[in-house]
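Please open the model in your viewer and keep the selection tool at hand.

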Amino acid sequence: MAVETLTAPPATGRSASAHGSRKPRSREALTAWLFILPSLIGFLVFTAGPVLAAGVISLLDWNLFSPPTWAGLRNFARLGPDPTFWSALGNTAYFTFLSVPLTLLVSLVLALLLNQGLRRVAVFRSLLLLPYATITVAVAFVWIWLYIPHDGLVNAVLGLIGIDGPAWLISDFWAMPALIAMSVWKSFGFGMVVFLAGLQAIPQQLYEAARVDGSSAWQRFRNVTLPMLSPAMFFVVVTSIIGSFQVFDQALIMTNGGPGSRTTTLVMYIYRTGFENYDQGYAAAQSLVLFGFIVVITAAQFLLQRRLVHYDN
Amino acid sequence: MTTETLTLPWRSTTTDGSTAVRKLLVFGCFLVTALTLIPVVMMVLVAFQSDAESMAARPSFWPSSWHPENLQRAFELVPLGRYLLNTVIFAAGTTLLETITAALAAYAFARLTFPGRSWLFGIYLATLMIPSQVTLIPQFVLVAKLQGIDTWPGMILPHAFTAIGVFLLRQFFLGIPKDYEEAARLDGANRWQAFLRVIVPLAIPAIATLAVFKFIGQWNNLLWPLVISNSDATRTAAVGLQVFQDTNGTQWNLLLMAATITTVPLIVLFFLTQRWFVRGITMSGLGGR
């Protein structure tokens, strides 16, 4: 189980070679390093190095063009009184707390629907995966078109049932829900496939045993499907939360952070600070705070999983 | 664990499979699918509308006249062909490098013993949670210092080595029985030969899954090309669509035609490789086994 092995120590193949003589072992070590080297060099230069560098840059005043000056913790202190940062954080949290449960619910309901032994299910599955396979920037433009005030398709449909739809993307209240609807549409396919794979792997004997005991469909769902599906659910929740904390593409294209800063997300604010205001130190400080939030939230989920996620070994 | 579960005959999980319920379910599937497809269908339909129709105050659903010449006009208005080629180079370059280096490293982590293996793998794992925005600025600075802005190495290399690929492939390699490889070793194969002739062929579905995930991700990538490419020589389609909007306001038919053109190759690739994709998810053990 991918999620579980993330925390488990790597399985060692030590027993096989532990009894060998010293020489073959050091040769094996040399071989191992040769295999790892290409990946390791790239990893050190382009991932590990930059992570450390982000820590250093966050302590500097730097506009990329003139030499940096030492700022100490000033960039972090700036976060406190910066209303845009707090609204970006609030917007990101709002986006996450609505889009993640919605995506989860839609993915699960569709996976359950597709798992009912219907014919042609492969066709439905493929078509339902289509949004996931489109490119975010391109479909963001389509959604702008759907959301056109007054006569856009969304409001035209609402008009048919007598609702006067809002000017979605320029409305203080509705811009974020509109972004969330588009994001759920874009991403439910991934969760759906993961849940389908999970549902397929549930042993049928469990359902049969439950039936013999005379349990209802709801009881079977509650006592068999949900616990057996919990590892897949945990995976989808963790990856969706990490993903939604990093939402950027659709917000940039559809609202550009507006109206005002109502849909400015953390990543968009980092991008603006670094590459429009050329305030690299401050942008790095913001990105480290974002990282901190992701670590805290992910750690909290791993703690929760001990109580909620059922593994069968 | 069965790897072909999704292509096996579909098993019902309920006994109450009366025809009425069944018809309702099929209707439900149909309705949800139709609703889901509306944005994609609209993208294609508007792409074929006339300029006036697509920009009218009251947008229309079905084109009143079809304009296939919009396809050509989209390519003429911006260097869309160039952008697509750039996207292919960027996505294929990162995918190829990542797949090869990740497979090699994953093999060593899964099968070879060496001092420091656990802690090095631990460091790889630890970076999985780091959002790419943290490394964005230092990577940009590094590439700028190396004169790599607007060059292919500058675009590709920073995104060609990630821990996730190593982690994913290591999971698969661990699942391959050791006996296979030991048989080859007894026949005199060295580690390199065992890797190439035993492990790689058995792990093709896993490697393909990684490659497809990576390719789709990079085809979609907006942020990195946005900061690192500043001319048509390296600009990708995702970035190019924005330029399209900037220079043409909202000429919806051509914009959505360009969006269609950018999306279609990805959809085709996705459907050609969907079986691996689905199988890869099943094989990674998320199925609960």
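Predicted model: local features only at pLDDT ≥ 70, side-chain atom pairs only at ≥ 80, totals over all residues.

Chain A has a radius of gyration of 25 Å, whereas a compact globule of 313 residues would have one near 20 Å. Along the principal axes, the C-alpha atoms of chain A fill a box of roughly 75 × 65 × 35 Å.

On one side, 13 residues of domain 1 of chain A make contact with ten residues of domain 2 of chain A. Together the two domains of chain A bury about 900 Å², with carbon and sulfur atoms accounting for 61% of that area. Select A:S58, A:L64 and A:L73: these residues supply 46% of the area that domain 1 of chain A buries against domain 2 of chain A, more than any other three residues.

Which kinds of polar link cross this boundary in chain A? The rule finds zero salt bridges between domain 1 and domain 2 of chain A, but six residue pairs are in polar contact there, both residues being at pLDDT 80 or more. On the domain 1 side, α3 (22-57) and β1 (60-61) of chain A each supply at least two of the residues touching domain 2 of chain A. Of the elements on this side, α3(A) gives the most, with three residues. By class, the domain 1 side that touches domain 2 of chain A consists of nine nonpolar residues, three polar residues and one charged residue.

Select A:D61 and A:R74 and show their side chains. The two side chains meet in a salt bridge, with 2.8 Å from N to O. A:D61 lies in strand β1 of chain A and A:R74 in helix α4 (residues 74-79) of chain A, so that the pair, 13 residues apart, links distant parts of the chain. Over all chains, the count comes to ten salt bridges.

**The loop between α13 and α14 of chain A**

Move to the loop between α13 (249-254) and α14 (266-275) of chain A, where A:P259 is placed. The peptide bond from A:G258 to A:P259 is cis, with omega near -5°. A:N256 lies in the loop between α13 and α14 of chain A as well. Phi of A:N256 is near 55°, a positive value in a residue other than glycine. For context, most residues other than glycine have a negative phi, and most peptide bonds are trans.

**The interface with chain B**

Finally, bring chain B into view. How many residues of chain B are in contact with chain A? There are 108 residues of chain B in contact with 105 residues of chain A. The area buried between chain B and chain A is about 10200 Å², and carbon and sulfur atoms give 73% of it.

Across this interface of chain B and chain A, the rule finds one salt bridge. To see this salt bridge, select A:E28 and B:R191, whose closest N and O atoms are 3.1 Å apart. Seven residue pairs, both residues at pLDDT 80 or more, are in polar contact across the interface of chain B and chain A.

Notes:
Residues numbered from 1 in each chain as written. Chains lettered and ligands numbered in written order. Heavy atoms only, no water. Contact = heavy atoms within 4.5 Å. Buried area = accessible area lost by both parts, 1.4 Å probe. Salt bridge = Lys/Arg side-chain N within 4 Å of Asp/Glu carboxyl O. Polar contact = N/O pair within 3.5 Å; in protein donor to acceptor, adjacent residues only side chain to side chain. Helix = DSSP H or I, 4+ residues; strand = E, 2+ residues; numbered from the N terminus. Nonpolar A, V, L, I, M, F, W, Y, C, P; charged D, E, K, R; others polar. Rg over C-alpha atoms; globule rule 2.2 N^0.38 Å.
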